[in-house]
Amino acid sequence: MSISQTADRLLSNAITDGAVPGVVAGATDRDGNLYLGGFGERVLGGGEEMTAGTVGWIASMTKPLTGAAAMQLVERGQLDLDAPAREVVPALGEARVLEGFEEDGTPRTRAPRGDITLRHLLTHTAGFSYETWSASILTYQAATGTPGIISCQEAALGTPLLFDPGDRWEYGISIDWIGKMVEAVSGQRLGVYFRDHLLEPLGMRDTAFRITDGMRARLAKIHQRVDDGSLVPLMDLEMPQDPEVELGGAGLYGTIGDYLCFIRMMLNGGRVNGEQILAPETVATMSRNQMGTCRVVPLKTVIPPFSNDADFFPGMPKTWGLTFMINTEDTPTGRSAGSLAWAGLANSYFWIDQAKGVGGAYMTQVLPFADEKSLPLYLAFESAVYGNLD
């Protein structure tokens, strides 16, 4: 069968079986889309079809675009990968390492033993974390009244480091800080910079921090998987539409078709539609391990409604490039060693296989992350793409 026949059957069966309320998935090679399809409903029981043009919260799939923006500015000499990031955003010089809590709950902190750099931030080795996967950060927020990151408040960026910069890998708010760096040197709000330098050149016209009227007409709602395995729509769960901070780590809404444009740019050494978005050597740098001997570790949830424990390809060492996870071995799905990948909290996922010249993206709107039915469906879709390549 063709990719279209195999993927259509896989995804439509998942809807029939009730695995997810709706799903959009797509694959591309260097020349154009190999597949793009949508199935199910945008809101469970609402009767509105999930189609290839459906808009959803892509959450941490925002991170690679922020990384690309930062690397454009590195190319122009406006940012430096290894200079102290406090020279661009002074607040980063105020970050302290959390050592514990006093008996009365007061956080005990110290100054870090080195400066945070852009490279640390891009590789999640700066020391920042997320409350979803860190009990210490959750406790700190409760003790200090610091809001959660998806509040998009400036104060949410005030959580401490868990270790000295460069010591290890910890998934967290680093890319949100990079968004602040992009704004500082460009003089533009992050969404405006994206529009001018990434989204418009790439043809990503349905991707933005703020949901336009046209996007909202096609918007899928997030659903929560509850204890009995069923799904409940969360009608009011939405990123703030007038945020203090446009989160470079998690703020974008968009379509899978748009995201395939970004993937195609990375497959083509930074070039798309005749325009060089990133230099080929920049793409190569982004696509190599940039954190030395550090390795990606499993995510252990402390907020089960938001995330399950997550470990992609358990037992396989994973490294990190400049905003991408890198698998060090061929995967069971067919992905080549050295490929790039990551995901978004509401169960959206992507991969970029530069060796085989293929990549893809997948979106449901389901919590918790690494959902017991949505994640296997994504991996089955990826396997279907590889199984039907010429």
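Ala91, Glu94, Ala95, Arg96, Thr109, Phe128, Tyr140, Leu157, Gly158, Thr159, Pro160 and Trp177 line the second largest pocket. On a 1 Å grid over the protein atoms alone, a pocket is an open set of points where a 1.4 Å probe fits, with protein on both sides within 12 Å along at least five of seven lines, and lining residues have an atom within 4 Å of a point.

This is a predicted model: local features need pLDDT of at least 70, side-chain atom pairs count only at pLDDT 80 or more, and totals for chains, interfaces and linings use all residues. Residues are numbered from 1 along each chain as its sequence is written, and side-chain values use heavy atoms, with hydrogens and water left out.

Ala, Val, Leu, Ile, Met, Phe, Trp, Tyr, Cys and Pro count as nonpolar, Asp, Glu, Lys and Arg as charged, and the others, Gly among them, as polar.

| Pocket | Volume | Lining residues by class |
|---|---|---|
| Largest pocket | about 310 Å³ | eight nonpolar, three polar, seven charged residues |
| Second largest pocket | about 150 Å³ | seven nonpolar, three polar, two charged residues |

In the largest pocket, Gly191, Arg195, Leu199, Thr207 and Ala208 are the closest to the centre out of 18 lining residues. Helix α6 (residues 190-202) gives the largest share of that lining, six residues. Helices (H or I, at least four residues) and strands (E, at least two) are DSSP runs, numbered from the N terminus.

Now for a sheet: β7-β6-β16 is the order of three strands in an open sheet with mixed pairing, where two strands pair if DSSP finds at least two bridges between them. β7 (231-233) and β16 (366-367) are at the edges with a single partner strand each, so one side of each has no neighbour in the sheet.

Note on methods: Points joined across faces, edges and corners; volume = space filled by probe spheres on them.
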